Amino acid sequence: MMSRTVVIAGASGFIGGYFKQRFIAEGWQVRTVGRDASADAQWHDDGAITKVLDGAELLVNLAGRSVNCRYDEKHRREILDSRVLTTRALGRAVAACAEPPRTWINSSTGTIYRHAEDHPQSEVSGELGSGFSVDVARAWEDELAAAVVPATRKVPLRIAIVLGAGGVMSPLRNLARLGLGGHMGPGTQKFSWIHVEDLFRAVVFIHADPGVTGPVNAASPYPVDNRELMALVRRSMGVPFGIPTPAWLLEAGAVLIRTQTELVLKSRWVEPRKLLDAGFTFEYPSLAGALNQIANPTRSLT
């Protein structure tokens, strides 16, 4: 049997590296598009991207500069361009394929929804927010929608905060290690998350089920509030206590470590309605289980 081919765009990051390993383990042939020399095609070369995509059955685009930085003018431009221009380049390349991918799953973000502490935001009833992060998410999804690729199903994947060995867990665990792992700000803000293994499984699931159309929320059905999040981080590391951080101190600290307090203070309450309705089951539905796996990675992933 001919091996199935997936193209991962933006494979050099924490999620991309994980996806690459998992697809290979599942017997897929993996091709990559990216900035680094090891990628099969570079972003500036439309012809090479088309060649890599031609005959592949699945395209997963994870490209995008980290948002873990201060939102000055230069970084805002980089954050926007790294999402919109890469999606545009992929649109041109897919359109030029003789045998285009059947499915194109393009990253988006659960941050597209408003700050919500009252009720969860599903794909159908969720309300979009406002501000820079939301503008980026809208522009990203608009660019995907604008791609004229009639033979390819396009799915924007609104991804919650992804947990795994790396990513957002490192700073949270460092804070806990320093005794600063208490709740942040009011502690009532919701934290929507997904284990990187479930994100991988959701991508494969969506590709296999043509009935699932975008946008799709990728988040565990059991979000927690920030107070519970930090308690679980401390417990998974065996740290008995953590000093809470008031919002004003976070503002000062965020300037020092060059990041945005939005990353921890915005209440993200993302409901994976479409995945649940389609029959997707989560390997790591509870945060305690996800954090235990990350803290003890020898526990094998399926």
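Are Phe23 and Trp28 buried or exposed? Both residues are buried (under 20% relative accessible area, with exposed over 50% and partly exposed in between, for a 1.4 Å probe and protein chains only). The model is predicted, with local features requiring pLDDT of at least 70, side-chain atom pairs counted only at pLDDT 80 or more, and totals for chains, interfaces and linings using all residues. Residues are numbered from 1 along each chain as its sequence is written, and side-chain values use heavy atoms, leaving out hydrogens and water.

A search of the whole structure returned 6 aromatic pairs. One of them joins Phe19 and Phe23 in an edge-to-face arrangement, at 6.3 Å centre to centre and 70° between the planes. Rings of Phe, Tyr and Trp (its six-membered ring) pair if their centres lie within 6.5 Å; planes under 30 degrees apart count as stacked, over 60 as edge-to-face and the rest as tilted. Phe19 and Phe23 are 4 residues apart in helix α1 (residues 14-25), so about one helical turn separates them. Helices (H or I, at least four residues) are DSSP runs, numbered from the N terminus, as are strands (E, at least two). Phe19 is buried, at 0% relative accessible area. Phe23 is buried too, with a relative accessibility of 0%. Phe23 also pairs edge-to-face with Trp28, at 5.2 Å centre to centre and 70° between the planes. Ring pairs link Phe19, Phe23, Trp28 and Phe200 into a cluster.

Charges over rings were also found. Arg83 lies over the face of Trp140, 5.0 Å from the ring centre. The charged end of Lys190 sits over the Trp269 ring, 4.5 Å from its centre. The criterion places NZ of Lys or CZ of Arg within 6 Å of the ring centre and within 35 degrees of the ring normal.
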